[in-house]
Amino acid sequence: MGAEKITVRAYDQRDAAGTADVFYRSAREVALSDYTVAQVTAWVPGPLDPAQEHERSSDGRLVLVAVDEDDHVVAFIDLEADGHIDRLYCAPEAAGRGIASQLYDTVEAAAREQGIARLYTEASELARRFFERKRFTVKERQDKVLRGVDIHNYSMFKDLAPADSASE
């Protein structure tokens with residue numbers, strides 16, 4: 001999977017099975033670096049239904065997918081109208097290649113264009129490190145019980161400068 005071309009584009013209904021698969025495999029495989037098998041299983045008990053995934057991705061949020069040369073989804077991100085980044089997932093075989101960063105940068109630019117003043121998310125351990133590199137601040141660790149299993153994530157935010165004063 002070395003130097004293949006990755007394209008970032010808007011989500012389309014044909015991507016539903018791919019985003020559902022990337023979410024499931026990312027949570028079930030990549031998250032094991034920071035969470036126990038019991039925690040991961042409580043978080044994602046089984047594969048997602050592509051029809052439900054499409055319904056979620058078609059509710060008005062901006063969803064961007066990163067696809068390979070064969071138009072297969074390898075990562076995706078979403079942005080809700082209020083600045084909430086609900087999901088950012090990368091397939092295990094695509095992790096660590098800068099794809100999530102490319103998706104995030106595209107979403108942040110879109111948020112600035114829409115006049116969104118603050119981005120926020122609930123991040124896993126791995127995602128927390130990623131979002132900290134993108135200059136997010138941890139507001140608090142959130143400890144919860146999910147399907148009878150203790151698990152945690154982090155409430156994080158990033159204030160955005162208005163588009164005309166951004167200097168990056």
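Predicted model: local features only at pLDDT ≥ 70, side-chain atom pairs only at ≥ 80, totals over all residues.
Q: OK, then what covers the buried residues of H1?
A: The cover over the buried residues of H1 includes H2, H3, strand S2 (62-67), strand S3 (73-79) and S5.

Q: And which residues of H1 are the buried ones?
A: They are Ala16, Gly18, Thr19, Ala20, Val22, Phe23, Arg25, Ser26 and Ala27, where buried stands for a relative accessible area under 20%.

Q: How far does H1 reach from its first C-alpha to its last?
A: H1 reaches 20 Å with its 14 residues, which is close to the 20 Å expected at 1.5 Å a residue.

Q: What about H4, how many residues has it and how far does it reach?
A: H4 has 15 residues and spans 21 Å between its first and last C-alpha, close to the expected 21 Å.

Q: Which residues of H4 are buried?
A: The buried set in H4 is Ile99, Ala100, Leu103, Tyr104, Val107, Glu108, Ala110, Ala111 and Arg112. As background for reading such a list, an α-helix has 3.6 residues a turn, so residues three or four places apart point the same way.

Q: What comes just after H4?
A: Glycine 115 is found there, and its phi is positive, at about 80°.

Q: Which residues other than glycine have a positive phi?
A: Arginine 135, with a phi near 70°, is one of them, and arginine 147, with a phi near 50°, is another. For context, most residues other than glycine have a negative phi.

Q: Where do those two arginines sit?
A: Arginine 135 is placed in the loop between H5 and S7, whereas arginine 147 belongs to the loop between S7 and S8.

Q: Are they buried or exposed, and why?
A: Arginine 135 counts as exposed because its relative accessibility is 57% and the cut-off for exposed is over 50%. Arginine 147 is exposed on the same criterion, with a relative accessible area of 56%.

Q: Lysine 134 is in which loop, and is it buried or exposed?
A: Lysine 134 lies in the loop between H5 and S7, and it is buried, with a relative accessible area of 15%.

Q: Let's look at H5 itself; which of its residues are buried, and what do they pack against?
A: Glu125, Ala127, Arg128, Phe130 and Phe131 are the buried residues of H5. They pack against strand S4 (84-85), S5, H4, S6, S7 and S8.

Q: Moving on to arginine 9, where is it, and is it buried or exposed?
A: Arginine 9 is in strand S1 (residues 7-10), and it counts as buried because its relative accessible area is 17% while the cut-off is under 20%.

Q: What does its side chain make a polar contact with?
A: The side chain of arginine 9 makes a polar contact of 2.7 Å with the side chain of aspartate 15. Beyond its neighbours within four places in sequence, arginine 9 is in contact with Arg14, Asp15, Val63, Leu64, Val65, Val67 and Asp71.

Q: Last one, glutamine 39: which helix is it in, and what is it in contact with?
A: Glutamine 39 is in helix H2 (residues 37-43). Leaving aside its neighbours within four places in sequence, glutamine 39 is in contact with Val149, Asp150 and Ile151. A polar atom of the glutamine 39 side chain also lies 2.9 Å from the backbone nitrogen of threonine 36.

Conventions: Residues numbered from 1 in each chain as written. Heavy atoms only, no water. Helix = DSSP H or I, 4+ residues; strand = E, 2+ residues; numbered from the N terminus. Buried < 20%, exposed > 50% of the residue type's maximum accessible area, 1.4 Å probe, protein only. Contact = heavy atoms within 4.5 Å. Polar contact = N/O pair within 3.5 Å; in protein donor to acceptor, adjacent residues only side chain to side chain. Expected span 1.5 Å × (residues − 1).
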